[in-house]
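Please consult the sequence and the structure shown below while reading.

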Amino acid sequence: MKFVTFTIAGGGVRAGWLTEQGIVDMNEASQGELPANMLDFLAQQEKYLQLAQKLAQEVQTPSYSMEEVKLLSPVPNPRSVRDFMAFELHILNAAKRLGQQMAPAWYEIPAFYFTNHQVIQGTGAKIARPSSCEWLDYELEIACVIGKEGKNIRAQDAEAYIFGYSILNDWSARDLQMKESKIGLGPAKGKDFATSIGPYVVTQDELEPYRIGDRFDLEMVARVNGKELSRGNFKDIYYTFGQMIERASDGVTLYPGDVIGSGTVGTGCLLELGPDVHRWLEPGDNVQLEITGLGILENTIE
């Protein structure tokens, strides 16, 4: 199933799932048995998902057409967002561009940082370039959404804690990031202004046809103003989501509604590609991220 969060004209924020004909409002379709928001749904998804799957077989008429709704991030208010650096090629490319060496510790542990979970955007949203930023970049990533509480989760058990997957754009103010990275605290203001997730969360079963062991064969593409700039594949990831979840949950409880990002796929940002391929993003630019099975996440810079 593909779960969405949306608004309608004159109405509040709602949650439901996508069909070929439109969107089913889960709260309305279930006559109140299912909640009206994704965080409440995720908090008890082991119970609610069964009901949603049953209703999806029974409800033939969508609540709204796509023209009647505005999609938000499928989880517009995640409890936290941890973003990893799990693709080796991205790290190698970025280090080369910056004249740096690959940190040996990267091969020892999957590393992550916490980003601002209060600035989550959905597909179609306009992204404001920070006033102090001139080097704005996109980052092509996959995210998983946690659907089950757990602590000290082993990598081999981690899939039971994943509700589904979505596309993530970890917008980066590179000039701000480079300046503050010299201090040694990692990204902060350079990542503080926006993160896009969407257009929907796809449940794990929908990706089974693409499975290769503990990875998925998913093409990942980024376009700016219709021109393809980045192309990679999720199967090339160095650290799996299982390994990321094991690291994130080491001594710490993960909760339903937490989001974990993969980090950027190789060639998946302008920093890697360099100015000879494309300039930094400017107001008016349209950025599309597309991943097999996960749809298209599209935003415009303002």
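In helix 6 (residues 241-248), Phe-241, Gly-242, Met-244, Ile-245 and Ala-248 are buried, where buried means under 20% relative accessible area with a 1.4 Å probe and protein chains only. The model is predicted, so that local features need pLDDT of at least 70 and side-chain atom pairs pLDDT 80 or more, while totals for chains, interfaces and linings use all residues. Residues are numbered from 1 along each chain as its sequence is written, and side-chain values use heavy atoms, without hydrogens and water.

**Helix 6 and its surroundings**
- The buried residues of helix 6 fall within an arc of 160° when seen down its axis, so they line one face of the helix; the arc is that of the directions from the helix axis to the C-beta atoms.
- An α-helix has 3.6 residues a turn, so residues three or four places apart point the same way.
- The cover over the buried residues of helix 6 includes strand 5, strand 6, strand 10 (140-146), strand 12 (162-169), strand 19 (253-254) and strand 20 (258-261).
- Helices (H or I, at least four residues) and strands (E, at least two) are DSSP runs, numbered from the N terminus.

**The largest pocket**
- The largest pocket has a volume of about 930 Å³.
- A pocket is an open set of points on a 1 Å grid over the protein atoms alone, where a 1.4 Å probe fits, with protein on both sides within 12 Å along at least five of seven lines; lining residues have an atom within 4 Å of a point.
- Its lining comprises 33 residues, and Met-85, Ile-91, Leu-98, Gln-100 and Gln-177 lie nearest the centre.
- Two or more lining residues come from each of strand 5 (80-84), helix 4 (88-97), strand 6 (112-114) and helix 5 (174-181).
- By class, the lining of the largest pocket holds 17 nonpolar, nine polar and seven charged residues.

**The second largest pocket**
- Among the residues lining the second largest pocket are Met-1, Trp-17, Gln-53 and Glu-206.
- Helix 3 gives the most to this lining, with three residues.

- Five strands form an open sheet in the order 8-22-21-17-18, with mixed pairing; two strands pair if DSSP finds at least two bridges between them.
- Strand 8 (126-127) and strand 18 (227-233) stand at the edges with a single partner strand each, so one side of each has no neighbour in the sheet.
- Strand 17 (residues 219-224) and strand 18 run antiparallel and are joined by six bridges.
- Arg-223 has Glu-228 in strand 18 as its bridge partner.

Key: Points joined across faces, edges and corners; volume = space filled by probe spheres on them. Nonpolar A, V, L, I, M, F, W, Y, C, P; charged D, E, K, R; others polar. Buried < 20%, exposed > 50% of the residue type's maximum accessible area, 1.4 Å probe, protein only. Contact = heavy atoms within 4.5 Å.
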